[in-house]
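Let's take a walk through this structure together, one stop at a time. Have the sequence and the 3D view ready.

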Amino acid sequence: MDKKGQGLIIAGVGGNYEVQMENGQVLRCKARGVFRKQKVTPLIGDRVTVSEGGFLESIAPRKNILVRPAAVNVDQVLVVFAVHNPEPHLLLLDHFLVEAERQGIEAVLIFNKADLCKETDAERREQIQRAYEAAGYPVYWISTYQMQPDRIAALQKQLRHKITVLAGPSGVGKSSLINCLTKANQETGDLSEKIARGKNTTRHARLLPLQSADGWIADTPGFSSFYIQEWSSEALAMYYPEFAPYRQTCRFPDCRHITEPDCAVRGAVTSGAVSELRYEQYRKLYEEVREYEQTHPSYKRT
Ligand SMILES: Nc1nc2c(ncn2[C@@H]2O[C@H](COP(=O)(O)OP(=O)(O)OP(=O)(O)O)[C@@H](O)[C@H]2O)c(=O)[nH]1
Ligand SMILES: [Mg+2]
Ligand SMILES: [Zn+2]
């Protein structure tokens with residue numbers, strides 16, 4: 001059997017890779033030592049050449065590299081949170097969005113478990129919807145327990161021709177969503193089981209083909225901490241897209257939009273043009289990054 005050819009890494013655990021070849025076959029491959037020497041780890045999303053012996057020969061240049069989840073050539077991230085159980089953690093949500101902006105990856109927000117919505121949630125839900133849509137992110141409220149065909153179609157359209165990764169904490173329903181969008185049967189688990197056996201049901205990232213659209217979606221383990229060491233407090237405001245029209249008109253060109261006088265961004269928050277919810281998160285993240293910078297002065301950041 002001639003194994004040589006081009007393919008896409010769809011899974012990789014412990015040096016063993018699964019490569020979806022252009023001819024439709026899935027090959028099990030190993031990496032050559034040369035990658036280890038070059039300190040390159042092949043990752044899901046890599047476009048690779050495979051030798052006849054089933055070795056990864058070369059990796060095509062990458063468009064981007066995501067650390068968490070570990071994937072490359074990512075076009076889009078679906079940031080998934082639950083309406084309740086677990087409660088949404090908006091600061092963590094902004095962590096994901098800032099990282100997506102920094103990497104130039106489109107982001108879409110999914111609030112799952114809409115079936116758990118209470119009447120008293122309506123106002124909060126509207127506030128969140130307005131804040132994130134104004135920042136340019138599509139927002140979907142779904143329940144994987146009640147996926148209407150038009151919802152599935154809208155999401156499929158959002159995913160077409162792209163490599164999409166799911167990001168979000170454990171237990172929000174990422175694998176349940178994957179099972180609605182692909183033919184896969186990813187294991188899901190409820191929170192009490194997770195606590196009993198360690199929190200993650202999904203343990204390794206895997207790219208899965210979409211059911212009715214040309215594209216790939218990666219189920220990933222949930223995670224709730226994010227590495228901010230590569231962020232700079234100076235650049236952070238650039239990753240809040242809705243600040244862009246105001247940033248240029250602050251009195252000080254190096255304004256951080258925290259306490260400076262004549263800050264146009266804070267002016268926009270006061271006038272209601274920029275969401276207070278988002279601005280508050282900006283402030284909190286800014287403080288987190290500042291603190292890291294002060295305790296690690298020599299670290300390289302962007
Ligand atoms: N009420 C409700 N529960 C849901 C919904 N979708 C998923 N769940 C439940 O939430 C729990 C977690 O779902 P998973 O799909 O395993 O969550 P996950 O995000 O993949 O979790 P990890 O793999 O641990 O990161 C399961 O018990 C699901 O049945 C929903 O729309 N409504
Ligand atoms: Mg999962
Ligand atoms: Zn300012």
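**Around ligand 1**

Sort the shell around ligand 1 by class and you get 5 nonpolar, 14 polar and 6 charged residues. In that sorting, Ala, Val, Leu, Ile, Met, Phe, Trp, Tyr, Cys and Pro count as nonpolar, Asp, Glu, Lys and Arg as charged, and the others, Gly among them, as polar. Before we go on, keep in mind that this is a predicted model: local features need pLDDT of at least 70, side-chain atom pairs count only at pLDDT 80 or more, and totals for chains, interfaces and linings use all residues. Residues are numbered from 1 along each chain as its sequence is written, chains are lettered from A and ligands numbered from 1 in the order in which they are written, and side-chain values use heavy atoms, with hydrogens and water left out.

So who sits next to ligand 1? There are 25 residues around ligand 1, and the closest are Asp-115, Thr-144, Tyr-145, Ser-170 and Ser-176; a residue is near a molecule if one of its heavy atoms lies within 4 Å of it. Helix 5 (residues 174–181) supplies the largest share of this shell, 3 residues. Helices here are DSSP runs (H or I, at least four residues), strands are too (E, at least two), and both are numbered from the N terminus.

Now look for polar contacts, meaning pairs of N or O atoms within 3.5 Å. The side chain of Thr-144 has an N or O atom 2.6 Å from a nitrogen atom of ligand 1. For Lys-174, a side-chain N or O atom is 2.8 Å from an oxygen atom of the ligand. Val-172 takes part through its backbone, with a polar atom 3.4 Å from an oxygen atom of ligand 1. Taken alone, ligand 1 exposes 660 Å², and the protein buries 92% of that (areas come from the Shrake-Rupley method with a 1.4 Å probe).

Next stop: the zinc ion, ligand 3. Its protein donors are Cys-250 (SG), Cys-255 (SG), His-257 (ND1) and Cys-263 (SG), lying 2.1 to 2.4 Å from it; donors are N, O and S atoms within 2.8 Å of the metal (3.2 Å for Na, K and Ca).

Finally, two loops. Pro-86, between strand 8 (76–82) and helix 2 (90–103), is joined to Asn-85 by a cis peptide bond, with omega about 0°. His-161 lies in the loop between helix 4 (149–159) and strand 11 (163–167), and its phi is near 60°, a positive value in a residue other than glycine.

Conventions
A polar contact is a pair of N or O atoms within 3.5 Å; within protein, one must be able to donate a hydrogen and the other to accept it, and residues adjacent in sequence count only if both atoms are side-chain atoms.
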